[in-house]
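Subject: Structure handover

Hello,

Please find the structure below, followed by notes on what was found in it.

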Amino acid sequence: MFKDSQDMKTNLSELGEFGLIDHLTKSFEPKLSTTVKAIGDDAAVLNFEDKQTIVTTDLLVEGVHFDLAYMPLKHLGYKAVMVNASDVYAMNAKATQITVSIAVSNRFPVEALEELYAGIELAAKLYNIDVVGGDTTSSTSGLLISVTALGIAEKEDVVYRSGAKPNDLLVVTGDLGAAYMGLQVLEREKQVFKANPNAQPDLDQYSYLIERQLKPEARKDIPPLLKELDVKPTSMIDISDGLSSEIIHLCKSSKVGANLFEEKIPLDPAVISVCEEFEIDSTTIALSGGEDYELLFTISQKDYDKIKGNPHLTVIGHMTEEGEGMHLITRANQKLPLIARGWNSMDDIEGEEA
Ligand code: ADP
Ligand code: MG
């Protein structure tokens, strides 16, 4: 995990806007041949030649998307890059450049922004992404961070949400629900800390869950893996809001239905045990938890042998005709309508149709 360094305090006004930009970005050296001009001019210049260009953007707002009480700034910077890179990978593309825009209030010292940028820099380095620009402005209250990611892909490799066909297999990468349960653990610790600031939390047994919440990793490895396996998904999406809601997105875009098998949903043992502790149903968490940044895709049945047994990939269901609807087949072989439900209504099993 990252360390926090909150001892030093340099007021933002000591550097001024340009001094601050320079200070935060001086170590960003572009590495990719597609980056012609990065930070330092009125705009960046990129050269993707005959490739298709992928663009995606996300805005993270303090108090809405993150809580600095338990989200160290370095993690926030890292996560802001991951959230965007994940959307590029979900197009079966390679993430290449990002721009980073921030709005900050005076309550943040320069050192806090250094932490934020250390996370951004680490993510960019590990994911082979160039930081090519951004904008910096002040905010009267909290912190806002907006990242735009660019990526490239050959035209024939791009995968949309809309190409799934009936009988295609539904596949998910990694495991689900850990990020959400990590947040539950952190929220609980925050309450304990409020009641007793001297309490020393022992979070060792939750380290996987907390890491999945605070330091998620986007699936950079999946587009090249699929290429290596000679599989082009028929549709793909990243899991930011929970499995249910992403399956519904794929089905609606592709005009198909789906059957998801509860017993196939990949769960880490740490998720199963923390769900028992919190007395929450682990399937519900996988379906509605969100922030896993795994990829969900469909493949033609003829490609099944190519992915069979791959430790990164799990077949969790199949697509059906649109008229058959979207269902969860439970372990007890019950067929329940798949719904995109908010966390608060999770114990309402019937729920409303999304
Ligand atoms: P402009 O006046 O054209 O908005 P700026 O002075 O804001 O230019 O930015 C100067 C350069 O620094 C540009 O290349 C811009 O993309 C980059 N930049 C500004 N803010 C950031 C930031 N927060 N992170 C990364 N690059 C930034
Ligand atoms: Mg500017």
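**The sheet and what packs on it**

Asp58 stands opposite Val147 in S6. This is a predicted model, in which local features need pLDDT of at least 70, side-chain atom pairs count only at pLDDT 80 or more, and totals for chains, interfaces and linings use all residues. Residues are numbered from 1 along each chain as its sequence is written, chains are lettered from A and ligands numbered from 1 in the order in which they are written, and side-chain values use heavy atoms, with hydrogens and water left out.

Helices (H or I, at least four residues) and strands (E, at least two) are DSSP runs, numbered from the N terminus. Two strands count as paired if DSSP finds at least two bridges between them.

S3 and S6 pair in the antiparallel sense over 10 bridges. S6 also runs antiparallel to S4, to which nine bridges join it; here Lys94 has Ile152 of S6 as its bridge partner. S4 (residues 94-104) and S5 run parallel and are joined by eight bridges, with Ile98 partnered by Val131 in S5.

Together these strands form an open sheet of four in the order S3-S6-S4-S5, with mixed pairing. S3 (52-61) and S5 (130-138) are at the edges and have a single partner strand each, so one side of each is left without a neighbour in the sheet. On average, neighbouring strands are turned by 15° against each other, direction ignored. Axes are lines fitted to C-alpha atoms, for helices over the stretch in contact, and angles run from 0 to 180 degrees between N-to-C directions.

Helix H3 (residues 110-126) packs on the sheet and touches S4, S5 and S6 (144-153); the direction of H3 makes about 175° with that of S4. Contact means heavy atoms within 4.5 Å.

**Burial**

Buried means under 20% relative accessible area, exposed over 50%, and partly exposed in between (1.4 Å probe, protein chains only). Eight of the 10 residues of S6 are buried, so the strand is mostly covered.

In helix H1 (residues 16-25), Leu20, Leu24 and Thr25 are buried. Seen down the axis of H1, its buried residues fall within an arc of 105° (taken from the directions from the helix axis to the C-beta atoms), so they line one face of the helix. They pack against S4, H3 and S5.

Asn84 is in helix H2 (residues 73-89) and counts as buried at 1% relative accessibility. Leaving aside neighbours within four places in sequence, Asn84 is in contact with residues including Asp58 and Val147.

Regards
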